[in-house]
Amino acid sequence: MMSKSTQRRNRRLATEQRRIKRRLEKAVAFNPEGPLLGRANISYELSERSRGISHGGMGMIAKVVKRSGLAEAIDS
């Protein structure tokens with residue numbers, strides 16, 4: 001039998017997995033003529049314990065790619 005803290009953790013992990021799946025479904029749209037990832041606004045989330053990429057993460061990388069024109073150069 002699982003302890004209450006283990007059950008809470010498992011429920012929280014399952015909830016987070018569902019939320020991540022929904023966000024990915026919204027962000028990734030198959031369009032062979034256009035970009036793979038959507039152009040959604042960047043938002044950062046904080047939690048009790050988290051890991052991330054230093055120096056801004058994927059959001060920062062997306063901004064650099066957009067501002068430098070790299071995406072258009074690759075697409076052309």
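Me: How do the elements of the protein run from the N terminus on?
Reply: They go α-α-α. That's three helices and zero strands, where helices (H or I, at least four residues) and strands (E, at least two) are DSSP runs numbered from the N terminus. This is a predicted model, where local features need pLDDT of at least 70, side-chain atom pairs count only at pLDDT 80 or more, and totals for chains, interfaces and linings use all residues. Residues are numbered from 1 along each chain as its sequence is written, and side-chain values use heavy atoms, leaving out hydrogens and water.

Me: OK, what's the mean pLDDT of the protein?
Reply: The mean is 76, and 61% of the residues reach 70 or more. pLDDT is the predictor's confidence in each residue, from 0 to 100.

Me: And which element has the lowest mean?
Reply: Helix α2 (residues 57-68), at 80, while α1 has the highest, at 88.

Me: Switching topic: how many salt bridges does a search of the whole structure find?
Reply: One. A salt bridge here is a side-chain nitrogen of Lys or Arg within 4 Å of a carboxyl oxygen of Asp or Glu.

Me: Which side chains meet in it?
Reply: Glu16 and Arg19, at 3.1 Å, N to O. Both sit in helix α1 (residues 4-27), three residues apart, about one turn of the helix.

Me: Why does Glu16 count as partly exposed?
Reply: Because its relative accessibility is 28%, and partly exposed lies between buried (under 20% relative accessible area) and exposed (over 50%), using a 1.4 Å probe and protein chains only. Arg19 is partly exposed too, with 33%.

Me: What share of the 76 residues is buried?
Reply: Buried residues make up 4%.
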